Amino acid sequence: MLTRINIPTKIVFGDQALKGQAEALKELGKTALIVTGKHAAQESGALQDLVAVLEENNIEYVHFDGVIPNPDYACVDAGAVLGRDMQADFVVAIGGGSPLDAAKAMAVLLAYIDLEARDLFEAEAQAHVPVVCIPTTAGTGSEVTPYAILTKTEEQTKGSIPQRIWPIFSVIDPKYFKSMNRPLLVTTGLDAMMHLLESSLSSKSNFYSDDLVRLGLQHFAKSKELFQTKREDDTALEHLVIASMYGGMAIAHTGTSLPHALGYRLTIRNDEPHGVATARTVLPWMRYHPWQDKVRELLEEMGFADFEAFEQFMRSSVETYFGKLDLAESRIQSDAREVYQDKGKLRNHPEEVDEELLKKLLHEMI
Ligand code: NAP
Ligand code: ZN
């Protein structure tokens with residue numbers, strides 16, 4: 001099989017990373033659209049660092065702070081209007097996956113002034129103004145993927161817009177992740193773990209994505225204690241940040257799989273944060289996965305002696321912070337049917353998927 005490797009995003013990783021980026025930012029133009037949610041950009045300290053660099057270098061900016069978790073069309077359109085008014089040359093996103101993804105979609109809308117966010121799913125448009133990403137959750141890996149996931153409110157699901165928007169560069173400074181509270185750290189950390197596992201157990205996996213997964217899981221193994229204790233540990237947090245980055249690089253090449261497809265419905269209909277919504281089906285998905293040798297290798301990389309140890313870790317991480325989720329039988333039937341009909345991610349499962357398997361995953365989820 002032919003393997004294609006493409007990582008066009010430059011990454012600057014480490015303490016004070018943003019300070020050295022003045023020249024790189026100046027090259028992008030005179031006016032920046034800063035895209036954030038309401039609080040995290042400031043709480044993490046990243047917004048203050050960015051504004052200082054922009055002001056010291058006479059780069060104009062306008063700040064859109066209206067991105068909601070699981071961004072919808074309305075917030076993307078509102079940010080794009082502000083950016084168009086200011087004739088922004090580029091976009092800088094700070095936050096979790098939601099501001100990063102919304103900013104990528106806005107970057108396309110800045111290149112096509114007649115389009116609105118809801119048009120993107122059908123549009124041929126591929127151009128976009130440059131995007132710089134500064135993540136504050138570890139996480140989605142959106143800072144190293146070309147994906148932008150938007151909520152399709154009417155269809156009650158989420159999806160990746162067809163445009164591929166690689167950030168021109170991303171600044172990953174481990175101190176920006178310290179302000180996450182424990183539930184946020186757990187749900188976003190589980191998202192990173194799921195990206196690594198889903199990439200590896202995908203029919204699209206290849207030697208390159210598998211190497212990234214191995215590295216990512218080794219870092220994840222060193223961050224596991226963060227899920228079980230409230231103790232602050234900067235080294236463990238840095239390992240999680242790196243695991244998340246490798247997870248993003250891996251899914252950039254393989255996409256995600258069944259747990260993400262099922263998780264999108266749990267997010268929209270049960271208001272479940274993205275990471276935990278995805279991780280709830282990991283146990284039955286791995287238990288019934290046709291590649292059991294690979295499953296065992298992945299557990300070993302994560303530092304679990306066997307499946308039972310992994311199950312214990314998953315149940316305590318999810319139930320401690322998010323409780324159990326029991327779906328009504330009618331919901332299980334309808335979610336399974338919808339995911340089955342929306343073939344997209346099912347192709348990444350190495351065997352033919354039927355509705356019965358999807359129902360089984362939902363019945364046996366945490
Ligand atoms: P998020 O939705 O971006 O943020 C969740 C909450 O965490 C927000 O209230 C946010 O506050 C807060 N927060 C973020 N960083 C913080 C920090 N350092 N300190 C304190 N609070 C902080 O969460 P996420 O899980 O990172 O992103 C989820 C989205 O990413 C979903 O839409 C998912 O589908 C998408 N995703 C994208 C990719 C991709 O490749 N593009 C991959 C996986 C998932 P504010 O509202 O104030 O910002
Ligand atoms: Zn995810």
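## A residue to start with

Is Asp 210 buried or exposed? With a relative accessible area of 18%, Asp 210 is buried, because the cut-off for that label is under 20%. Please keep in mind as you look around that this is a predicted model.

Asp 210 sits in helix α7, which covers residues 207-221. Leaving aside residues up to four places away in sequence, Asp 210 is in contact with Ser 200, Ser 205 and Lys 294.

## The sheet

Let us turn to the strands. Six of them form an open sheet in the order β1-β8-β5-β4-β2-β3, and the pairing is parallel. At the edges are β1 (10-13) and β3 (60-64), each of which pairs on one side only. On average, neighbouring strands of this sheet are turned by 20° against each other, direction ignored.

Lys 10 has Phe 169 of β8 as its bridge partner. Helix α9 packs on the sheet here and touches both β1 and β8, its direction making about 175° with that of β1.

Another helix, α3 (residues 46-56), lies across β2 (31-35), β3, β4 (90-95) and β5 (131-135). The angle between α3 and β2 is about 175°.

## Helix α9 from end to end

Helix α9 runs over residues 234-254, 21 residues in total. From its first C-alpha to its last it reaches 30 Å, close to the 30 Å expected at 1.5 Å a residue. Of those 21 residues, 18 are buried, so α9 is largely enclosed by the rest of the structure.

Both ends are worth a visit. Just after the helix comes Gly 255, which takes a positive phi of about 75°.

Thr 256 belongs to the loop between α9 and α10 (258-270). Although in a loop, Thr 256 counts as buried, at 6% relative accessibility. The side chain of Thr 256 makes a polar contact of 2.9 Å with that of Lys 345. Setting aside residues up to four places away in sequence, Thr 256 touches His 195, Glu 198, Ile 251, Lys 345 and Asn 348.

## Around ligand 1

If you are interested in the ligand, here is its setting. Ligand 1 is surrounded by 29 residues, and the closest are His 39, Ser 98, Thr 136, Thr 137 and Thr 145.

A polar side-chain atom of Ser 98 is 2.6 Å from an oxygen atom of ligand 1, and a polar backbone atom of Ala 40 is 2.8 Å from an oxygen atom of the ligand. A nitrogen atom of ligand 1 lies 3.5 Å from a polar backbone atom of Met 180.

## Two positive phi angles

Most residues other than glycine have a negative phi. Asn 70 has a positive one, near 55°, and is found in the loop between β3 and α4 (73-85). At 21% relative accessibility, Asn 70 counts as partly exposed.

Asp 271 is not a glycine either, yet its phi is positive, at about 60°. Its place is in the loop between α10 and α11 (274-279). Asp 271 is exposed, with a relative accessible area of 69%.

Conventions:
Residues numbered from 1 in each chain as written. Chains lettered and ligands numbered in written order. Predicted model: local features only at pLDDT ≥ 70, side-chain atom pairs only at ≥ 80, totals over all residues. Heavy atoms only, no water. Helix = DSSP H or I, 4+ residues; strand = E, 2+ residues; numbered from the N terminus. Expected span 1.5 Å × (residues − 1). Buried < 20%, exposed > 50% of the residue type's maximum accessible area, 1.4 Å probe, protein only. Polar contact = N/O pair within 3.5 Å; in protein donor to acceptor, adjacent residues only side chain to side chain. Contact = heavy atoms within 4.5 Å. Pairing = 2+ DSSP bridges. Axes fitted to C-alpha atoms, helices over the stretch in contact; angles between N-to-C directions. Near = heavy atom within 4 Å.
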